[in-house]
Amino acid sequence: MELQHKDSTQSKGTCTCSWCKGSGKRGRRTCPDCNGSGTLYLVDCPDCLGTGVSRDRGVCKTCKGKKAVSSVEADRIHTAREKYDGYLQNPAGVFFKSIACYIAIAFTARSVWDQMCVTLEFLFDAEMIFPSGFILLLALSLLFKQWNNLIKGSTNDADGSKPRTIGTVLFIVGILTAIIAGPVTSDGFGWMESKAKNTLNDKILKPSSVQCLEVELSRKVDYTYFGKAKMSNGESKDIVARFVKTGLFCLIKKSNFERSKMFFHVS
Ligand SMILES: [Zn+2]
Ligand SMILES: [Zn+2]
């Protein structure tokens with residue numbers, strides 16, 4: 001390891017940035033951890049305070065006995081340790097946070113899944129992804145972060161195995177909630193059903209006439225869906241709903257949100 005003494009009070013030399021592997025780039029962006037330099041300063045390991053020895057007198061697991069970690073890693077360890085200490089003081093907190101995440105996941109996973117069943121283009125479309133997809137991703141990433149902090153924050157804690165297991169279980173329950181609320185219990189037609197109902201009422205039926213209360217789709221062939229529409233006068237009508245995609249090129253133009261047009265035949 002090459003030593004540099006630019007910052008004699010803190011620096012213990014430099015190391016290759018492990019997040020960009022020294023290239024200074026992550027994809028097309030400049031690596032935010034080393035600001036494109038490809039190297040990071042080493043500082044005392046915050047877990048063993050630069051001794052390389054853990055509290056139970058073993059080799060420090062965080063720095064693996066090397067006594068120093070990169071400055072970026074040290075920041076992350078500090079944050080994780082703070083969160084972990086927070087957990088030790090108030091274990092119930094992580095459960096309340098997790099339950100809030102599960103509720104958010106249970107409410108949003110269905111509509112994201114139903115949209116995905118129709119078109120993956122929603123990934124590029126602000127109108128279609130928000131707010132369900134945003135909330136779903138946020139809730140899942142909060143659970144993932146919580147898990148990560150409990151693992152990282154407890155690395156050298158001899159009693160850390162229980163919090164680590166709890167963090168892991170809480171994250172897995174979040175994934176399972178998303179799978180159960182989405183693919184397991186949904187037939188995948190929900191998004192098309194609400195789009196079909198709205199299009200019928202807003203664009204095809206006159207406001208004064210009989211309105212559609214509910215659309216129940218039961219099968220599809222490519223982008224054509226077949227089912228029944230329940231009308232306000234008690235009738236049930238056969239309905240064909242077609243999801244029409246226009247060219248992918250339109251995706252690039254932000255102004256063109258009208259590309260997902262629906263055409264209906266009601267008989
Ligand atoms: Zn880097
Ligand atoms: Zn250490």
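Predicted model: local features only at pLDDT ≥ 70, side-chain atom pairs only at ≥ 80, totals over all residues.
**The whole chain**

Among the contacts in the chain with a separation of 6 or more, 53% are accounted for by residues 24 or more positions apart.

**The zinc ion (ligand 1)**

Select ligand 1, a zinc ion, together with the residues that coordinate it. The donors are the SG atoms of Cys17, Cys20, Cys31 and Cys34, at 2.3 to 2.4 Å. What geometry does the site of this zinc ion have? The site is tetrahedral, with angles of 102 to 116 degrees among the 4 donor atoms. For reference, the ideal angle for four tetrahedral donors is 109.5 degrees. In sequence, the spacing of the donor residues reads C-x2-C-x10-C-x2-C. Cys17 is in the loop between strand S1 (14-16) and strand S2 (25-26), while Cys34 is in the loop between strand S3 (29-30) and strand S4 (39-44); the pair therefore ties together parts that are 17 residues apart in sequence. Cys17 and Cys34 are both buried.

Cys48 and Cys63 each lie in the loop between S4 and S5, so the pair ties together parts that are 15 residues apart in sequence. Cys48 is buried, with a relative accessible area of 5%, and Cys63 is likewise buried, with a relative accessible area of 5%.

**Two backbone positions**

Keep the loop between S4 and S5 in view and select Leu49, which lies in it. Its phi is near 55 degrees, a positive value in a residue other than glycine. Most residues other than glycine have a negative phi. At 68% relative accessibility, Leu49 counts as exposed.

Lys64 is the next selection, and it too is placed in the loop between S4 and S5. Lys64 is not a glycine, yet has a positive phi of about 55 degrees. Is Lys64 buried or exposed? Lys64 is exposed, with a relative accessible area of 64%.

**Salt bridges**

The structure holds 7 salt bridges; this part of the tour visits some of them. Select Arg26, Asp33 and Arg76, which are linked in a network of salt bridges. Between Arg26 and Asp33, the closest N and O atoms are 2.2 Å apart. Between Asp33 and Arg76, the N to O distance is 2.7 Å. Asp33 sits in the loop between S3 and S4 and Arg76 in helix H1 (residues 71-89), so this pair ties together parts that are 43 residues apart in sequence.

Asp33 is buried, because its relative accessible area is 14% and the limit for a buried residue is under 20%. Arg26 is partly exposed, at a relative accessible area of 30%, and Arg76 is also partly exposed, at 33%.

Now select Arg81 and Asp47, which form a salt bridge with the closest N and O atoms 2.1 Å apart. The pair links distant parts of the chain, 34 residues apart: Arg81 is in helix H1, and Asp47 is in the loop between S4 and strand S5 (68-70). Asp47 counts as buried, at 8% relative accessibility, whereas Arg81 counts as partly exposed, at 22%.

Ile172 counts as partly exposed, at 44% relative accessibility.

How values were computed:
Residues numbered from 1 in each chain as written. Chains lettered and ligands numbered in written order. Heavy atoms only, no water. Buried < 20%, exposed > 50% of the residue type's maximum accessible area, 1.4 Å probe, protein only. Contact = heavy atoms within 4.5 Å. Donors = N, O, S within 2.8 Å, 3.2 Å for Na, K, Ca; no water. Tetrahedral: all angles 85-135°; square planar, octahedral: opposite > 155°, others 65-115°. Helix = DSSP H or I, 4+ residues; strand = E, 2+ residues; numbered from the N terminus. Salt bridge = Lys/Arg side-chain N within 4 Å of Asp/Glu carboxyl O.
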